[in-house]
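Colleague: Please take one part of this model and look at it closely. I would like to hear about the pockets, and then about the aromatic rings.

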Amino acid sequence: MKLVIASDIHGAADACARLMAAIEQESPDRVVLLGDLLYHGPRNDLPADYAPKRVIEMLNSIADRVIAVRGNCEAEVDQMVLTFPCMADHNVLLDLNAPNGPRTLFLTHGHIYGPGYHNSVDAWPALPPRSALVYGHTHIKVSEKDAEHDVWVFNPGSVGIPKDGSASFGLYENGSFEHRLL
């Protein structure tokens, strides 16, 4: 299973266009979107390339490959314009072909469930050992094992408003996560 994982686009159209080019280049089985897709929210500055209507067009063009969850900036109107489900608080994927056996990937934004890193909520879902907690929300890249929970924790960073200055997405393939810069 090959996944492109992205979060926190926040309506940044030029950044989303770079993500779309990366998706085309990587040719993943699925594209995981971890919320905060169209709007910047009251705590963030407006991205310089803010154009949510352009982002809608781009994301709808890959709707057949998208698995999405709701971020804290999503609203019912987002579901009205996006042609893929985007209002679930979490989703779960099972990688049956992961090295060392099946692996559960718990997908969430980070404001309801999260590992407590970098201002994400500290609310762990019940997960089997060797699972992965995949979240966004903080706009900060993370890829590390949480030994206390025996779970891999992965945050792809932010496409539209990165807090570390480098827009990014994640790639999951052959049971491993990595960051890619945009």
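This is a predicted model: local features need pLDDT of at least 70, side-chain atom pairs count only at pLDDT 80 or more; totals for chains, interfaces and linings use all residues.

Modeller: A residue lines a pocket if it has an atom within 4 Å of one of the pocket's grid points. Ala-98, Pro-99, Asn-100 and Arg-103 are among its lining residues. Arg-130, Ser-131 and Lys-145 also line this pocket. So do Asp-150, Val-151, Trp-152, Asn-174 and Gly-175. By class, the lining has four nonpolar, four polar and four charged residues.

The largest pocket has a volume of about 190 Å³. It is lined by 17 residues, and the closest to its centre are Arg-43, Asn-44, His-137, His-139 and Lys-163. Its lining has three nonpolar, ten polar and four charged residues.

Now the rings. The structure holds three aromatic pairs. One of them joins Phe-106 and Tyr-113, edge-to-face, at 5.2 Å centre to centre with 80° between the planes. Phe-106 has 5% relative accessibility, so it counts as buried. Tyr-113 is at 25%, so it counts as partly exposed. Tyr-172 and Phe-177 form a tilted pair, 4.7 Å centre to centre, with 50° between the planes. Tyr-172 is buried, with a relative accessible area of 0%. Phe-177 is buried too, with a relative accessible area of 11%; buried means under 20%. Tyr-172 and Phe-177 also belong to one aromatic cluster with Phe-154.

How values were computed. Residues are numbered from 1 along each chain as its sequence is written. Side-chain values use heavy atoms; hydrogens and water are left out. Rings of Phe, Tyr and Trp (its six-membered ring) pair if their centres lie within 6.5 Å; planes under 30 degrees apart count as stacked, over 60 as edge-to-face and the rest as tilted. Buried means under 20% relative accessible area, exposed over 50%, partly exposed in between (1.4 Å probe, protein chains only). On a 1 Å grid over the protein atoms alone, a cavity is a set of points where a 1.4 Å probe fits but cannot get out, and a pocket is an open set with protein on both sides within 12 Å along at least five of seven lines; lining residues have an atom within 4 Å of a point. Grid points are joined across faces, edges and corners, and a volume is the space filled by probe spheres set on the points. Ala, Val, Leu, Ile, Met, Phe, Trp, Tyr, Cys and Pro count as nonpolar, Asp, Glu, Lys and Arg as charged, and the others, Gly among them, as polar.
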